[in-house]
Amino acid sequence: MQPRKTDLARTALQAHRAPLDMRQRRLLILCDGQRDLPQLSAMIGAEASAMVIQLIQAGYLVSTAPAEPAPLAAPASAPGPAPAPAVPPPTERRRSLVAARIYLLGILEMQRHPQAAALLHALQRARSDEDVIASLYIALTALPGLTSPGYAERVRQRVLEVLPEAHAAQVQQTVVATA
């Protein structure tokens, strides 16, 4: 199967308003009708096939069969049920403090505000995990003042999505405690 994007997927990728997480967006970008599931799994991870199925059901992807030559002779097989295709078990998304940091650095870099530049430099200078978490928190709480509240919320959700669960819980508790 070589999944490819539908018009809905193209619109969602351009608008940045679809309810897709970063991994789903990345998968949609890679689904060009040329790559098959094993190639996508190598790029995204073992959960790629499950995500493809979800995106097909949601209408973001359609599956196309790869062009393969027809077999010359059908092999004789014993009657009985066909074996079920092997579906990999769902795996935990890869989470990384570094990925969250890089993502937020990119967001801050796009902001044309002196405060965003200061937050960017503070996050760049943070070395220990505690300093990085503190800088992430400060940037996430300042972001609504620099951008629209909806955009700031989407950024916060993406950061929490990528952070390791222990760090995400720590940032979430701090954000809730200050709200």
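**Reading salt bridges and cores in a predicted model**

Student: What is a salt bridge here?

Tutor: The term means a side-chain nitrogen of Lys or Arg within 4 Å of a carboxyl oxygen of Asp or Glu.

Student: How many salt bridges are there by this rule?

Tutor: The count comes to 4.

Student: Why does Asp 32 count as partly exposed?

Tutor: Buried means under 20% relative accessible area, exposed means over 50%, and partly exposed is in between (1.4 Å probe, protein chains only). Asp 32 has 35% relative accessibility, so it counts as partly exposed.

Student: Which residue pairs with Arg 23, and where do the two partners lie?

Tutor: The partner is Glu 47, and their side chains meet at 2.1 Å from N to O. This pair links distant parts of the chain, 24 residues apart: Arg 23 is in helix 2 (residues 22-30), while Glu 47 is in the loop between helix 3 (37-44) and helix 4 (48-57). Helices here are DSSP runs of H or I with at least four residues, strands are E runs of at least two, and both are numbered from the N terminus.

Student: Are Arg 23 and Glu 47 buried or exposed?

Tutor: Both Arg 23 and Glu 47 are buried.

Student: What about Glu 161?

Tutor: Glu 161 is also found in helix 8. This residue is buried yet has no salt bridge, and the nearest side chain of opposite charge, Arg 158, is 4.3 Å away. A polar atom of the Glu 161 side chain does lie 3.2 Å from the backbone nitrogen of Met 22.

Student: What is a nonpolar core, and which residues have the most contacts inside the largest one?

Tutor: In soluble globular proteins, nonpolar side chains tend to be buried together. A core is a set of buried Ala, Val, Leu, Ile, Met, Phe, Trp, Tyr and Cys residues joined through side-chain atoms within 4.5 Å. The largest core here has 27 residues, and those with the most contacts inside it are Leu 104, Leu 108, Leu 136 and Leu 163. Helix 5 (97-110), helix 6 (114-125), helix 7 (129-146), helix 8 (149-162) and helix 9 (165-178) each supply at least two of its residues. Helix 7 gives the most, with 8 residues. Apart from this core lies another, of 17 residues, including Leu 13 and Cys 31.

Student: How many helices and strands does the protein have?

Tutor: There are 9 helices and 2 strands, and along the sequence they follow the pattern β-α-α-α-α-β-α-α-α-α-α. Of the 179 residues, 37% are buried.

Note on methods
Residues numbered from 1 in each chain as written. Predicted model: local features only at pLDDT ≥ 70, side-chain atom pairs only at ≥ 80, totals over all residues. Heavy atoms only, no water. Lys, Arg positive; Asp, Glu negative; His and termini not counted. Polar contact = N/O pair within 3.5 Å; in protein donor to acceptor, adjacent residues only side chain to side chain.
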